[in-house]
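Hi everyone, thanks for making time.

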Amino acid sequence: MKVKVIIERGNDGSYGAYIGSNNVSFGIIGDGETVQDAKNDFLNSYDEMKDYYAENNKNFTECEFQFQFDIASFLAYYGSILSLAGMERLTGVNQGQLSHYVTGHRKPSKKTIEKIETKLHEFGKELNQVEFV
């Protein structure tokens with residue numbers, strides 16, 4: 001079963017990962033100083049939950065996780081790689097507006113989220129085709 005896991009950045013700069021749907025019979029979370037720490041802690045919690053179910057002879061639903069970011073967390077996490085100016089050029093979304101998303105002063109509309117996601121996917125496909133000679 002595919003399960004969506006939301007990654008969010010906390011006010012203290014740490015990251016959290018949690019199940020974003022109700023289609024499993026358990027809830028698990030992970031946290032850490034980095035996104036990778038939060039993912040690792042989440043997956044460790046999943047393994048612990050699996051062991052708990054086995055010890056108590058309960059049926060456990062095996063899951064495949066799809067990690068997703070909210071916009072603010074994505075921009076904060078990838079900010080050292082993709083500047084807000086670069087994100088503006090890539091997505092067409094004003095740098096000032098992107099800054100508001102990072103700080104939490106504003107939330108993007110669904111249309112803006114889709115625009116950013118589409119442009120990032122297009123950029124990823126373009127990068128995937130890069131070959132050096």
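I'll go through the pocket, then a pair of helices, then the aromatic rings. Keep in mind that this is a predicted model.

OK, the pocket. The largest one comes out at a volume of about 880 Å³. It has 26 residues lining it, and the ones nearest its centre are F69, D70, I71, A72 and F74. Where does the lining come from? At least two residues each are supplied by β1, which is 2–9, β4 at 64–69, α2 at 71–78, α4, and α5 at 110–128. Of those, α5 gives the largest share, with five residues.

Two packed helices get described by the angle between their axes and the distance between the axes. Here α3, residues 84–91, packs with α4, residues 95–103, at about 120°, and the axes are 9 Å apart. That crossing is right-handed. On the α3 side you have L84, A85, M87 and E88, and they meet Q95, L98, S99 and V102 from α4. By class, that contact has five nonpolar, two polar and one charged residues.

How many aromatic pairs does the structure hold? There are 16. One of them is F26 with F60, which is stacked, at 5.0 Å centre to centre with 10° between the planes. F26 sits in the loop between β2 and β3, and F60 in the loop between α1 and β4, so this pair ties together parts that are 34 residues apart in sequence.

That's my tour, thanks.

Note on methods: Residues numbered from 1 in each chain as written. Predicted model: local features only at pLDDT ≥ 70, side-chain atom pairs only at ≥ 80, totals over all residues. Heavy atoms only, no water. Axes fitted to C-alpha atoms, helices over the stretch in contact; angles between N-to-C directions. Helix = DSSP H or I, 4+ residues; strand = E, 2+ residues; numbered from the N terminus. Left-handed = near helix turned anticlockwise from the far one by under 90°. Contact = heavy atoms within 4.5 Å. Nonpolar A, V, L, I, M, F, W, Y, C, P; charged D, E, K, R; others polar. 1 Å grid on protein atoms, 1.4 Å probe; cavity = no way out; pocket = protein on both sides within 12 Å on 5 of 7 lines; lining within 4 Å. Points joined across faces, edges and corners; volume = space filled by probe spheres on them. Phe/Tyr/Trp six-rings, centres within 6.5 Å; stacked < 30°, edge-to-face > 60°.
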